[in-house]
Amino acid sequence: MPTTLITNIASLVTNDPSQGDGTPLGLLTDAAVVLDGETIAWVGPAAKAPAADETYDAKGRAAIPGFVDSHSHLVFAGDRTQEFNARMSGRAYSAGGIRTTVAATRAATDAELEANLTHYLREALRQGTTTFETKSGYGLNTEDEARALRIAAAHTDEVTFLGAHIVSPDYAEDPAAYVELVTGEMLEACAPHARWIDVFCEKGAFDGDQARAILTAGKAKGLHPRIHANQLSYGPGVQLAVELDAASADHCTHLTDADVDALANSSTVATLLPGAEFSTRAEWPDARRLLDAGATVALSTDCNPGSSFTSSVPFCIALAVRDMGMTPDEAIWSATAGGAAALRRADVGFIREGARADLALLDAPSHVHLAYRPGVPLVSEVWRRGARVA
């Protein structure tokens, strides 16, 4: 690929504090970036930019790193319109609705599942997401969990085995036997296709002891833990995540002071998913409390057909700023570098030399417009691995 100089950038978020204003965003004005193949070769003031094979004029727009969506559930079939409608009419959200998607997913062909996955990936890419994680969890038997992971692995390296989404309907009367299946035969079939293992540690899903057994078995097979923790109620999920060095504890809505302290003094990222609270009318996570304590926070979509059917990271940024106590700067960092931290990646979520050449231009002079103009499709162009893709 030829080298490409993107110049005349009004405001550039690098997430490199050695750049620009020295803040965590490393904000540069009147900036330029040089892409060399799949990597970033140079970042700095436009007036000092080196020559390149091609030049692209950003025309005074803002540029940001591609979003890193570190939590999604995209291998599924069907939708849950009726459930959403009922919830908006007063019915409470619970973990049990997942069973509806399980039935539809089991009935779908591989081609149907892959077409659905790629549809939502294209949708997310147009909105600036260049790195994404996705999970199984709608098969809940060995065959369907393994095929979900095989399909996902064709599209991303960040694949998570979530056989422990809820207890399979096939084992409703014997949860212990289902845990044995997840930690045995199902794990054997699924581990070759995944990087991560996850569990929904919550009332109505898996308790702390069950979650520990599942995550420990996954670690023994070379999968690294992440965990759905403390979404619907207080519970052991966050403490378990820190104990097992999970890359992230996701949701983190109901936290004790001890939970916050544990996250702040660990490498486990608190991944907040405001689309879920929006879609379930639940209590918002307190991002301000976590940030003030020193915890690392990520923002992601939780895109799934039941509780957060959005692929829009910009929408989640606007919610986090409006309802979770985050500043616009903190929200954009959490949706880029924070997501990278939740995937233990240093090559994405940043615009700096040697990073992967993933970035988005906004039809705006500043990243602040992502929260300032909610619902407006501000992402105008996207580069992924150095190629302009949207």
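Helix pair. I started with the contacts: Pro175, Val179, Val182 and Thr183 of H5 meet Gln210, Ala213, Ile214 and Ala217 of H7. I sorted the residues of this contact into 6 nonpolar, 2 polar and no charged. This is a predicted model, so I treat every value as computed.

Next I took the geometry. The axes of H5 (residues 175-183) and H7 (residues 208-220) come within 9 Å and cross at roughly 15°. Angles under 35 degrees count as roughly parallel, so I logged H5 as roughly parallel to H7. I noted the crossing of H5 and H7 as right-handed.

Cores. Which residues touch the most other members of the largest nonpolar core? I found Phe161, Phe206, Ile227, Leu263, Leu290, Leu299 and Ile317, in a core of 85 residues. I followed up Leu263: leaving out residues up to four places away in sequence, Leu263 touches Val238, Val242, Ala249, Cys252, Leu255, Thr268, Ala270, Leu290 and Ala295. Another core, of 18 residues, lies apart from the largest one, and Ile9, Val43, Ala63 and Ile351 are among its members.

Backbone angles. I looked up phi because most residues other than glycine have a negative value. Lys59 is not a glycine, yet has a positive phi of about 55°. I placed Lys59 in the loop between strand S4 (54-57) and strand S5 (62-65). Lys59 counts as exposed because its relative accessibility is 63%.

Arg385 also has a positive phi, near 50°. I placed Arg385 in the loop between strand S16 (379-384) and strand S17 (387-388).

Conventions
Residues numbered from 1 in each chain as written. Predicted model: local features only at pLDDT ≥ 70, side-chain atom pairs only at ≥ 80, totals over all residues. Heavy atoms only, no water. Axes fitted to C-alpha atoms, helices over the stretch in contact; angles between N-to-C directions. Helix = DSSP H or I, 4+ residues; strand = E, 2+ residues; numbered from the N terminus. Parallel < 35°, antiparallel > 145°, perpendicular 65-115°, else oblique. Left-handed = near helix turned anticlockwise from the far one by under 90°. Contact = heavy atoms within 4.5 Å. Nonpolar A, V, L, I, M, F, W, Y, C, P; charged D, E, K, R; others polar. Core = buried A, V, L, I, M, F, W, Y, C linked by side-chain atoms within 4.5 Å. Buried < 20%, exposed > 50% of the residue type's maximum accessible area, 1.4 Å probe, protein only.
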